[in-house]
Amino acid sequence: MKSTTKAVSWSGVLLLFLWTCASGQQSCPVEKMRPELQPPNETQSQLTLNSAFMTPIVHSFLGLVQPNPFPKDLLVRMINNFNSNTQTEMVKEVLNYEKGFLVCVAIGILYIVLMPLIGLIFACCRCCGNCGGRMQQKQTSSTNCKRRSIYCSTFIITVLILAGNICMFLSTTYTSETVKSSSKEITGILDDVKGYVSSIPQQIQQVLDESSVTVDQVKNNLKETGPLLGGLIQNGLKDSLDPAFNSIIQIAQVINSTSAGLLHVNETLGQLKPNIDALKTNFSAVRQRINNTMNQPECMNCSSLQQVVDKLSLEGSLEFSDQNDLSSAVDKARNADVIGQANKGRDFFDSIPQKVQNETQESVGSALLQLDGIKDKISGVSKNLSLDFLKTFPNEISTIQRSVSVYSPEVERASLISRAIGLILSCLILLVVVCNLLGLLLGAAGLNPKQSPTERSGTSNCGGIFFMVGVGFSFLISWIFMLVVLILFIVVGNTYTLVCVPWQSKQLIQVIDTPGLIPGFNLSKTLNMNISLNIYNIYSDCEQNAPLWTTLHLNELFDLNDYLNVSMYTQEIYQRFEAAQINIANITILSPDIKSQLNNFSKSASSMNFSNIIQHINDVSRTNLSSAADSLDLLADKQSNQNISNQLHGEAKDLRDIQADITSNIMPLLLELNSTINNLSAVASQINASVQNVLQNVGYAQDILNYNVSQIVRAESKVFVDCQMKNFLAYIQWANQTITGNVGRCRPAAAAIDRTENLLCKHLVGSLNAFWFSLGWCMLFLIPSIILSVKLAKYYRRMKYSDVYENNNFPMHPFPKANLKPEFVENVKQ
């Protein structure tokens, strides 16, 4: 028996530990979603226009002019040896590097010098009647063909100049808009940088605030050790105690129902016995009278009914000896107060949380102190990170923004001036284009090829004059415009090749990183960080949106794991809870006396012969005196002696009265008694199994309480502490990953640099490049425009001297001037 109990006990321990592990996993709350770090707000770019349509051709031209790579080494040597004696050699290297630009500058200077000089010579020659100044045009067979060819060429050149002029208008607008929006764009860039820098402490504080939330949550859970840990212990005992308590309640209900059934039986018997005793007495008297009547000599054929009369009986017994034994066992079981024992067990079970709360007060207090230590240690992260520059940097940016806002009106004024200058230059070029177009339109509209050059219409003559006006205006403005082109080409072109191109390829950042290039500049010292940092690596990391931890190599300055290593504190909490003695006093669910009473109750119920009782009731129920009464009536009718006949009829009536009394008074009680006995029999048939189930469940639960409570308490305590530490350690892991992988992702910083490059190179330098290239394009095509306009004007202007040509076989030869008399010449001129 002992070995069996041990086997049950150890199997129960195994099952309980398995269930405890599963329930512990279920009771531990799922790791909550940590808040995402708030990224800094980014402003929208104010730049909407750019000269992208001109970018490919301008960049191709500048690539031809300056095919050399970025002179990084030369630039570094120039800055480092600015006051040395090697300036002559460096100047030669610079000139060699800029030879493409120098060639273009030389061509531009020639243009500036020659155009006004040629214009002056041309004007003087025309005034002297040379260079086409003589108002006479020779007429040949190819005159119309030449005119049409020159006309088409002039039209094409004019269209090309117009295209360049349109590009000038557009680039002027883009340049003006870029300058106008530059202050807002710079302010937006600085806002992004300031927002990014300001967001880093906020993100770190957000991580630390989450630590406070987690610590406070764990502290609250520890303060609620009674309900939480007590609940876990209750869950550990529930599967073993609940069946015991439930079976006790069920057997108590069986005892109460059995007691009620027996009480009802007693009450029914109490009503039946007096009636049955009275009936028996009455029946005996009637039977005696029947026998006396039938024994009289005058009774004819009475002996024939003697056998029937002898069978009449009311001898059925309602005395049940087993009932008293069962009633005694039920009373003793009721007096044992099985329900009270179950309630005591329930009270013990419900009191576990309060007992746990009382027993763990000291451990909880120590754990709360450890958690405060953890909280203080994590708070040290923000104090010891070398990010002091983040505190002053936003103020410096605000200072720069104020300076930008101060100069914003000047920038807007510069925008208006640049627009005005660009529009004036564009309109002057447009004037040449208009003159050419008017010349083409009026000349072609007013010209009659069959007319003599001296008889051309005023419309045709106006067309020719417009051509000459365009030529004269071209000579006046072209050299000035070329000077503008030359200045912008040198400044903006070099800005693109020496700043924008290396900026895009990051070579410029590498030059800035050169040690000693900028006197007194050291990025590490500027950031107050004793590690080697360079702008190029930081920018490259920020382009990949790397976190601040990686970008600034903070792992070389700060051991984050040391600050987030809380194993010492958590180990202390574990030890405190393991040392806590949570004593849950054992309780005897059912005493041996109660078990004995239950066994006695089961034995009495099993030994009671309910079938015998039912048989006795059936015997009483089967009593039928009506047939005997009928027989007496028949016998009475056959009697010749009236007195005997009357006696037999009266005795038959007495039997019927007894039968009626049985039917009306005795039978309902017998039926009720029979039903009650059947119910008791059904209940009694299950009492033994119920009692054995109770004793088995109680024995199993009692073994758990006697031998396994301490293991359950220890296991559930570990589950409880593991749950709290799991939540906290999950935060530590999240904090480590967040600080090293998410805090200060510096894509906004790289984006600010990209936006600055976009403002300077793509918009400002790009628009200015497009402007000087368009203007230079126009200046280039002014040369053929001048030549073609001069030639085409000859075909449209009205000539003073006639040169007749007729299409026949006799050529006409002009008279030699030497053979003409002066008087004839004078007459011809007139």
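Predicted model: local features only at pLDDT ≥ 70, side-chain atom pairs only at ≥ 80, totals over all residues.

1. A salt bridge is a side-chain nitrogen of Lys or Arg within 4 Å of a carboxyl oxygen of Asp or Glu. This definition is needed for Glu98, a residue that is buried yet has no salt bridge. The nearest side chain of opposite charge belongs to Lys99, and it is 12 Å away. That distance should be read against the cut-off of 4 Å for a salt bridge.

2. Where does Glu98 lie? Glu98 is placed in the loop between helix 4 (87-97) and helix 5 (99-127). When residues up to four places away in sequence are not counted, Glu98 touches Gln66, Asn494 and Leu498.

3. Helix 4 also takes part in a helix pair. Helix 3 (residues 72-80) packs with helix 4 at an angle of about 145°, and their axes are 11 Å apart. The crossing of these two helices is left-handed. On the side of helix 3, the residues in the contact are Leu74, Arg77 and Met78; they meet Met90, Glu93 and Val94 in helix 4. By type, the residues of this contact comprise four nonpolar, no polar and two charged.

4. Lys506 is not a glycine, and yet its phi is positive, at about 70°. Lys506 is found in the loop between helix 14 (458-504) and helix 15 (507-512). Is Lys506 buried or exposed? Lys506 has a relative accessible area of 18%. Buried means under 20% relative accessible area, and Lys506 therefore counts as buried.

5. Asn545 is likewise not a glycine and has a positive phi, of about 60°. The loop that holds Asn545 runs between helix 17 (535-543) and helix 18 (548-551). The relative accessibility of Asn545 is 26%.

6. The final point concerns the protein chain as a whole. How many helices and strands are there in the protein chain? The chain has 26 helices and zero strands. It has 830 residues, of which 43% count as buried. Among the contacts in the chain with a separation of 6 or more, 90% are accounted for by residues 24 or more positions apart.

Note on methods:
Residues numbered from 1 in each chain as written. Heavy atoms only, no water. Helix = DSSP H or I, 4+ residues; strand = E, 2+ residues; numbered from the N terminus. Buried < 20%, exposed > 50% of the residue type's maximum accessible area, 1.4 Å probe, protein only. Lys, Arg positive; Asp, Glu negative; His and termini not counted. Contact = heavy atoms within 4.5 Å. Axes fitted to C-alpha atoms, helices over the stretch in contact; angles between N-to-C directions. Left-handed = near helix turned anticlockwise from the far one by under 90°. Nonpolar A, V, L, I, M, F, W, Y, C, P; charged D, E, K, R; others polar.
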